[in-house]
Structures are given as C-alpha cells and as structure tokens.
Amino acid sequence: GHHCWGYGEENGPSDWYKDYSLANGDRQSPIDIQSEQTVYNSSLKPIWVSYDACTSLSICNNGHSVMVEYEDCDDKTVIRGGPLEFPYRLKQFHFHWGGKDSRGSEHTVNGKSYPGELHLVHWNAAKYKSFDEAASAPDGLAVLGVFLETGEKHSVLHRLTDALYMVRFKETKAQFKDFNPSGLLPDCLDYWTYRGSLTTPPLHESVTWLMLKEPLYLSEKQMEKFRTLFFSGEEEGLRTRMMDNFRPPQPLKGRTVEASFR
Ligand SMILES: NS(=O)(=O)c1ccc(C(=O)NCc2cccc(O)c2)cc1
Ligand SMILES: [Zn+2]
C-alpha cells in the first residue's frame with residue numbers, strides 16, 4: 001500500500017492486519033514456547049545441515065533486517081531430517097534484535113525474550129519450482145531459528161558484524177562471499193518444532209519452524225553493531241536506527257509444539 005509495513009507506531013505489528021488479513025490466522029508466528037506444554041516426540045529425527053558447499057552472494061539491508069543471500073539453484077546447501085519430509089534449500093538468513101538486551105527475539109521461552117534471533121530460511125525445492133511459490137504453500141518453507149544471547153565474542157559471526165558498516169542504510173548491498181552459516185550453529189541441535197508462518201508481512205502460513213534450544217552467544221559489542229543499522233535510506237532526512245524489528249508472540253490456537261529432546 002502507500003505506506004509500507006514496518007515496526008513503528010503507525011505501521012507496526014498491531015497494524016499489519018489492516019493490509020494482511022493472515023495476521024489473525026490460525027498458524028501465526030512467532031509464539032511463546034512453554035516448555036512444560038511441549039510434547040517430546042521420540043520419532044523426530046535429528047536436524048541434518050549440509051552447508052559446506054554453500055555459495056553466499058551478498059549482505060543487504062532491506063529496510064526491515066540485515067540479510068545474507070545464497071545461490072539456491074541446486075541442492076548444495078540444504079537442511080534435512082527433523083520433521084521434514086524433503087530437503088529444504090537455504091535461501092537467506094537474517095536477524096531480529098532489540099534496542100536493549102531485555103528484548104529482541106521473536107519467539108520467547110516461558111515468557112523470556114532473548115536479545116535477538118537468527119532465522120535461516122529454507123524452501124522445499126523438491127516440491128515447488130521457486131521460493132515465491134513455496135512461500136505460500138503449507139509445507140513450502142522451513143526456518144531454523146537460533147536465539148542470540150550475550151556472552152563471549154562469536155568469531156564466525158565477527159565477519160558479519162564487521163561487514164555491517166557497509167549496509168547501514170535501507171536498500172544497500174555488498175558482496176559477501178564464502179560465508180558458511182553452519183559456523184553460527186551451537187553444538188547441540190536439540191529443537192522445538194511447530195507449524196507456523198512468516199513473522200513479517202505477507203505472514204504466509206507456510207513455515208515449519210525449527211527453534212534450537214541452545215543460543216548463539218555473541219559479545220555486547222557485536223550486539224551493539226546491529227543497532228548501528230538504519231531502517232531508513234541514506235537520502236531520508238529522519239534516520240531511524242534499526243532495532244526492535246521483532247513481532248511479539250501470537251496465539252497458539254490449539255497447536256502442539258513438539259520437542260526433539262526430553
Ligand atoms: N522472519 S521469517 O523468517 O519468518 C521470514 C522469512 C522470509 C520472509 C520473506 O521471504 N519475505 C519476502 C517474500 C515473501 C513471500 C514471497 C516472496 O517471494 C518473498 C519473510 C519473513
Ligand atoms: Zn525472521
């Protein structure tokens with residue numbers, strides 16, 4: 001529409017329903033994961049990530065987040081296993097974060113927010129011809145989510161946080177080659193899984209969510225670097241810092257969250 005969706009007072013998550021009716025749908029994301037209500041499913045397979053032959057292309061600021069995009073023309077970078085019936089191809093990863101460490105994640109655990117959240121976005125290329133087609137199919141996407149927690153500096157993430165100065169403004173892009181995102185994953189791949197949606201408009205209900213229990217630890221300085229980005233373009237007068245780009249938890253509406261671990 002004339003005014004684009006965002007995270008501000010006038011166009012934020014509580015306004016999205018006006019342009020995107022799915023906002024009040026039955027399988028919206030994110031959710032609060034109430035660990036005592038999750039169901040351990042012993043037949044859930046481990047998550048299998050094969051990112052070694054990945055071809056990262058660029059890092060960009062799309063006005064909502066910072067994103068690293070991958071070449072997704074073949075199955076060289078896929079996620080398998082878990083509840084997934086097919087391999088899902090990595091398309092991009094991006095982050096959500098807060099203005100301070102007490103908020104920033106999209107999913108919460110027993111009401112606890114983390115300072116941020118990483119989303120690795122994959123699509124079902126076995127069944128659909130393009131990301132765009134998969135993005136509106138009920139089994140079209142799989143997003144691997146990792147909470148960000150402050151602690152020691154993260155050496156693999158450091159290459160990304162050191163590149164953020166190149167994409168401070170909306171619609172800026174820079175080359176970002178040979179970045180293997182498996183270096184961002186914790187050792188333990190225990191996860192919760194449930195059927196949900198994109199957490200930004202168009203809010204398509206096409207995502208199988210895989211939320212890792214273990215966070216990615218990064219330093220406070222690295223967190224601060226995310227907060228140096230802007231939602232706005234360089235030419236815009238008002239420079240609004242990119243932070244609090246998260247949607248709050250949505251109603252579970254009877255869904256079950258399964259756990260891969262006891
Ligand atoms: N935050 S999230 O991981 O749920 C998320 C992942 C991907 C997207 C996304 O790709 N949006 C653009 C889009 C949506 C539908 C069809 C398209 O071709 C592109 C949005 C949110
Ligand atoms: Zn996201």
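The dialogue below takes up the zinc site, the pockets, the core and some backbone features in turn.

Visitor: What conventions apply here?

Guide: This is a predicted model, in which local features need pLDDT of at least 70 and side-chain atom pairs count only at pLDDT 80 or more, whereas totals for chains, interfaces and linings use all residues. Residues are numbered from 1 along each chain as its sequence is written, chains are lettered from A and ligands numbered from 1 in the order in which they are written, and side-chain values use heavy atoms, with hydrogens and water left out.

Visitor: Which residues coordinate the zinc ion (ligand 2)?

Guide: They are His 94 through NE2, His 96 through NE2 and His 119 through ND1, at 2.0 Å. A donor is an N, O or S atom within 2.8 Å of the metal (3.2 Å for Na, K and Ca), and water is not among the atoms, so sites may look incomplete.

Visitor: What makes the arrangement around the zinc ion (ligand 2) tetrahedral?

Guide: The 4 donor atoms subtend angles of 100 to 115 degrees. Four donors count as tetrahedral if all angles lie between 85 and 135 degrees. The angles fall within those limits, and the arrangement is therefore tetrahedral.

Visitor: How are the donor residues of the zinc ion (ligand 2) spaced in sequence?

Guide: The spacing is H-x1-H-x22-H. His 96 belongs to strand β7 and His 119 to strand β9, so this pair ties together parts that are 23 residues apart in sequence. Strands are DSSP runs of E with at least two residues, helices are runs of H or I with at least four, and both are numbered from the N terminus.

Visitor: Are His 96 and His 119 buried or exposed?

Guide: Both are buried. That term denotes a relative accessible area under 20%, with exposed over 50% and partly exposed in between (1.4 Å probe, protein chains only).

Visitor: What is the volume of the largest pocket?

Guide: The largest pocket holds about 570 Å³ of space. Among its 24 lining residues, those closest to the centre are Asn 62, Met 67, Gln 92, His 94 and Thr 200. On a 1 Å grid over the protein atoms alone, a pocket is an open set of points where a 1.4 Å probe fits, with protein on both sides within 12 Å along at least five of seven lines, and lining residues have an atom within 4 Å of a point. The volume is the space filled by probe spheres set on the points, which are joined across faces, edges and corners.

Visitor: Which element gives the largest share of that lining?

Guide: Strand β7 does, with 4 residues. By class, the lining of the largest pocket has 11 nonpolar, 10 polar and 3 charged residues. Here Ala, Val, Leu, Ile, Met, Phe, Trp, Tyr, Cys and Pro count as nonpolar, Asp, Glu, Lys and Arg as charged, and the others, Gly among them, as polar.

Visitor: What is the volume of the second largest pocket?

Guide: Its volume is about 330 Å³. Of its 16 lining residues, Gly 6, Asn 11, Gly 63, Phe 231 and Thr 240 are the closest to the centre. The lining divides into 5 nonpolar, 9 polar and 2 charged residues.

Visitor: How many residues has the largest nonpolar core?

Guide: It has 46, and those with the most contacts inside it include Ile 59, Phe 93, Phe 95 and Leu 118. Such a core is a set of buried Ala, Val, Leu, Ile, Met, Phe, Trp, Tyr and Cys residues joined through side-chain atoms within 4.5 Å. Strand β7 gives the most to this core, with 5 residues.

Visitor: Why does Leu 203 count as buried?

Guide: Its relative accessible area is 0%, which is under 20%, and Leu 203 is therefore buried. Leu 203 lies in the loop between β12 and β13, and its phi is near 60 degrees, a positive value in a residue other than glycine.

Visitor: Why does Asn 110 count as partly exposed?

Guide: Its relative accessibility of 48% lies between 20% and 50%, so Asn 110 is partly exposed. Asn 110 is found in the loop between β8 and β9 and has a positive phi of about 50 degrees although it is not a glycine.

Visitor: Where are the peptide bonds cis?

Guide: One joins Ser 29 and Pro 30, with omega about 0 degrees. Another joins Pro 201 and Pro 202, with omega about 10 degrees.

Definitions and conventions: Four donors count as tetrahedral if all angles lie between 85 and 135 degrees; four count as square planar and six as octahedral if opposite donors are over 155 degrees apart and all others between 65 and 115; anything else is irregular.
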